[in-house]
Amino acid sequence: LEANLADRQVVQYVIRRFGIHAKHKLGQNFLIRPDVVAAIAEAAELGEHVPVMEIGAGIGTLTQALAETGADVTAFELDKSLERVLSHTLEHYKNIHIIYEDVLKADLKTILGDKDWRCAANLPYYITTPILLSLIQSDLPISLFVFMMQKEVADRILAKPGSKDYGALTIAVNFDCTAERVLDIPPSAFIPRPQVTSTVLKIRRRKTPAVEVKDRKLFFSLVKMGFGQRRKVFTNAMKSGGIPADWIPEILEKADIDGKRRGETFSMEEYARLADAWYDKIH
Ligand code: SAM
């Protein structure tokens, strides 16, 4: 097809022509907004031969917009039944390679090699967080992610300490990356319509983590203690987290933290001070 695969009429035509029944359990909601796919491609900072991976090609809507920039596109699609659709809708593009595999099971290390990659996706909602975290916490060579996700998840990523959305996900993403909102998208931008509003985020990997810590594992176990038990004051969260009771006052003192506060109010810097004080106690 030569047409823009994000045009409503084109998407409706493709759905009819190939008898597609969108699979809810695979998170299949197809975009019908040319301006939105263009905004995602633009945010991905692409250009001739820039390698970009896409997660969930669907009928090829975003894949086409990425390829139009001249980038080298590698797209993953779990649903093998879309192969007969994609081989038709994207037949004119030499710079698109589609891999029919679960992105969470694919051997990304080998596939990506050592080039500097971008990653763009209208993510399948049922596995937004697992995909996001597995890519961010990996050492794969991806420096920029442009992801569409439920607005509710995006709000958690962008949340400030002490707010209701602030949580382990906020810290997990912001420790290694910076995140900014690109745009919000209403349910009417998709066929079929999802229940919720979506948000596109631009997530860039930091050169060094947001806060320096002596041991990343200790930092993240404290974060887990702090948010696993939101109702508990932090002293008690540390106790149930397995830190010996007689260490706790000393760790808090050294980190200059009031143990009567709740973990959900701590900034990343405060978690980092606690983690280093705990580290010093162990070593
Ligand atoms: N990119 C298309 C668009 O924007 O219209 C489709 C996006 S749709 C929200 C998500 C796509 O991800 C679906 O085509 C679905 O089959 C695919 N998908 C779901 N789980 C996947 C997985 N584990 N690995 C790769 N693709 C997956």
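Two strands count as paired if DSSP finds at least two bridges between them. Helices (H or I, at least four residues) and strands (E, at least two) are DSSP runs, numbered from the N terminus. The model is predicted: local features need pLDDT of at least 70, side-chain atom pairs count only at pLDDT 80 or more, and totals for chains, interfaces and linings use all residues. Residue numbers start from 1 along each chain as its sequence is written.

Start with the sheet. Seven strands make up an open sheet with mixed pairing, in the order β4-β3-β2-β5-β6-β9-β7. β4 (96–99) and β7 (177–185) are at the edges; each has a single partner strand, so one side of each lacks a neighbour in the sheet. Neighbouring strands are turned by 20° against each other on average, direction ignored. Axes here are lines fitted to C-alpha atoms, for helices over the stretch in contact, and angles run from 0 to 180 degrees between N-to-C directions.

Next, the interior. A nonpolar core is a set of buried Ala, Val, Leu, Ile, Met, Phe, Trp, Tyr and Cys residues joined through C-beta atoms within 7 Å. A residue is buried if 20 or more other C-beta atoms lie within 10 Å of its own, exposed if 12 or fewer, and partly exposed in between, with C-beta atoms placed from the backbone. The largest core has 59 residues, and Ile40, Val52, Leu66 and Phe147 have the most contacts inside it. β6 gives the largest share of this core, six residues. Another core, of 22 residues, lies apart from it; among its members are Val213 and Phe234.

Finally, two backbone details. Isoleucine 191 and proline 192 are joined by a cis peptide bond, with omega about -15°. Proline 192 sits in the loop between β8 (190–191) and β9. Histidine 49, in the loop between α2 (34–43) and β2, has a positive phi near 65°.
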